[in-house]
Amino acid sequence: MSISQILSIVVFVGAYILIATERVHRVAAALGGAALMLALGLTNGETAFHSLDAGVDWNVVFLLLGMMIIVGVIKQTGLFEYLAIAAAKRAKGKPFAVMVLFVIITAVASAALDNVTTVLLIAPVTFLVCDRLNLNPIPFLIAEVLASNIGGAATLIGDPPNIIIASRAGLSFNDFLIHMAPFAIFMMAVFVLVCRWLFRSAFKYDEKRVAEVMALNERDAIRDSKLLWQSMIVLALVMVGFVLHSALHVEPSVVALLGAGVLVMISKVTTEEAIADVEWETLVFFMGLFIMVGALVKTGVIGEVSKALADAVGGQPLLAVMALLGISAVLSAIVDNIPYVATMSPIVADLVAAQGGGPQAESLWWSLALGADLGGNATAVGASANVVMLGLAARNGTPISFWKFTRYGIIVAALSIALAAPYLWLRYFVLA
Amino acid sequence: MRARDLAEEYPLVQLTDSALAAAELIARQRRPGVVVVDADNHPVTVLPGSQVLRFIVPGYVQEDPSLARVYDERGGAEACVGKLAGRTVKEVLPPKDKRYELPLVSGEATVMECAAMMARLHSPLLLVADGDTIHGVVTTSHLLDVLLKTNPGSSE
């Protein structure tokens, strides 16, 4: 092993430990690691900023930026509040029916928006409805965040790991719809049934309180109906653009940026308001990660790891898929799944190439996506949405402890992976 | 004119008093807030009406303006007022580290000193005291009235 390889591993592992242990802010760790890689000559400006394989993946960064701007505008319309209150009234305030409708809304929204945003939108309405019904909001919040991680797995834009995988693997929006969405829909159906048992003690309620939910005026939640229509039309066009992006030879990032630009231009929303919800920290974190992983690619570390893994599972693609699913799920439960997927993507790309491509080899990508997306449900720190939901609950005076979340999350994550394994086996090895 | 001359008699509430009673005092007498004192009658802080609202309006409604619109008047009142029942003034105040700095001047402070202190602390009330002697409280409306009347260019 060369000196540059050893140095790049030391910098990478050091930054990774800092990110995982949260001893310093994750952005500082990623940027510090990237700066060290550049300072030590383990990568250079040309590679870091312009290389498609070993540099910042601008498609990922700009896709996230575009969607954050669109979401920032949609948030101002009150649409989500309208949908959730209308759903609670349709459920006639019956707690299980409310939970089912809320988790379905969350899962569907998470497929189109990022999970953290969805959680930020559904939590306030959940507090309100539970307050009106005198219910404990904690089971509802946990169910929603679990649903957001399952729903987010369905599409290319639903979860940041999927965006990284799509860009690194050259997978389209439709590829995710074909390969990931069917399992996400099936898993949601199973999850709804599991909720009945998992949160069974949360469904006792006082029927007299139902009138308080029925008295809420959901139509008044819509603050600007013109903006709502503008946002819905642009979002629909963006979705059509995602579906057609391969045929049109346009990157998803371009579709998202076009949508964001058009929405800001046609609506009365100011530029400041439109970009207020952009999570610049997340974007910078991604850039730092890409430079660090790029240095590992440039120094040949990724190539060596891929070769060793290819030798280990050589001729046993099913073993590789199952091992990747399990390892991804376990690691994503412990550490943030974004750096994990950013690191694993070039390795999986090499493994797919080593197996000569084809549906069985490409199922490694779906294995990585399912493991990382669904494994994040296992613990309170497994996914960004979980952490955000815990923060919201604490601020509302109903704190959810790490173990309280994990008690439910680990069951759902284990069940998801236990069902994902036969799905991958049947779809890509038995029925392929 | 000095702060002592501007100070008016003002109701004081203790930390252990009922929060509901303090809110009623603010509401019924149309006061911008009340001065909070400890058991020894030493001023602790000012409890502005806005802080009472901050306490009673659910946090999720404060953060999501769309949700504030879905309540009818009765529902809104029910969601809020019940929160004051059984609470003390101390519970309604922000935590100690986030508590408002006590807006306090001595009786000798000038009108401009009073105005500057209230502007800096965004306080609708200013306590005027020397040692343990509380002279009273200066309100924004009284202070503005004095400033406007003193200005030679004022319409009055």
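Colleague: What should I know about numbering and confidence before I start?
Modeller: Residues count from 1 along each chain as its sequence is written, while chains are lettered from A and ligands numbered from 1 in the order in which they are written. It's a predicted model, so to speak: local features need pLDDT of at least 70 and side-chain atom pairs count only at pLDDT 80 or more, but totals for chains, interfaces and linings use all residues.

Colleague: How many residues of chain A are in contact with chain B?
Modeller: 18 residues of chain A touch 13 residues of chain B, where contact puts C-beta atoms, placed from the backbone, within 7 Å.

Colleague: And which helix of chain A gives the largest share of that side?
Modeller: That's α7(A), with 5 residues. Helices here are DSSP runs (H or I, at least four residues), numbered from the N terminus.

Colleague: New topic: how far does α18 of chain A reach?
Modeller: Its 18 residues, 317-334, span 26 Å from first C-alpha to last, close to the 26 Å expected at 1.5 Å a residue (1.5 Å times one less than the number of residues).

Colleague: What do its buried residues pack against?
Modeller: α17, α19, α20 and α22 of chain A. Buried means 20 or more other C-beta atoms within 10 Å of the residue's own, with C-beta atoms placed from the backbone. P317(A), M322(A) and L325(A) are among the buried ones in α18(A).

Colleague: Why is α20(A) called largely enclosed?
Modeller: Because 13 of its 18 residues are buried.

How values were computed. Contact = placed C-beta atoms within 7 Å. Helix = DSSP H or I, 4+ residues; strand = E, 2+ residues; numbered from the N terminus. Buried ≥ 20, exposed ≤ 12 C-beta atoms within 10 Å, placed from the backbone.
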